[in-house]
Amino acid sequence: MTEFWSSLLWLVIGGIIGAAISYYFTRKTFEKQLKENPPITEKQIRAMFMQMGRKPSEAQIKAVMKSMGQN
């Protein structure tokens, strides 16, 4: 019976260590991706409007940023 609890304990410890390592490397990869490919900026939105032949107002740009969940 003690072998069962010992095995269960090692399984739980291994799971915790594996989760911590996975979290660390996933976070590092995510930060690297954000640095290499930053989210869209107001300048990029203005450029897209200009390519469509429109002069965007500041309110339109703010509305687009808000709809994308950025501010």
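Start by selecting Gln60: with a relative accessible area of 28%, Gln60 is partly exposed (buried is under 20%, exposed over 50%, partly exposed in between, using a 1.4 Å probe and protein chains only). You're looking at a predicted model, where local features need pLDDT of at least 70, side-chain atom pairs count only at pLDDT 80 or more, and totals for chains, interfaces and linings use all residues. Numbering runs from 1 along each chain as its sequence is written, and side-chain values use heavy atoms, with hydrogens and water left out.

Stay on Gln60, which sits in helix α3, residues 58–67 (helices are DSSP runs of H or I, at least four residues, numbered from the N terminus). Show its surroundings: beyond neighbours within four places in sequence, Gln60 contacts Phe49, Arg54 and Lys55 (heavy atoms within 4.5 Å). What does the side chain of Gln60 reach at 2.9 Å? That's the backbone nitrogen of Ser57.

Next, colour the aromatics; there are two aromatic pairs (ring centres within 6.5 Å, taking the six-membered ring of Trp; planes under 30 degrees apart are stacked, over 60 edge-to-face, the rest tilted). Phe4 and Trp5 are edge-to-face, 5.1 Å centre to centre with 70 degrees between the planes. Now pick Tyr24 and Phe25, also an edge-to-face pair, at 5.3 Å and 75 degrees. Tyr24 is partly exposed at 42% relative accessibility, while Phe25 counts as exposed because its value is 52%.

Last stop: select Met1, in the segment before α1 (2–36). Met1 counts as exposed, at 75% relative accessibility.

Note on methods:
Helix = DSSP H or I, 4+ residues; strand = E, 2+ residues; numbered from the N terminus. Polar contact = N/O pair within 3.5 Å; in protein donor to acceptor, adjacent residues only side chain to side chain.
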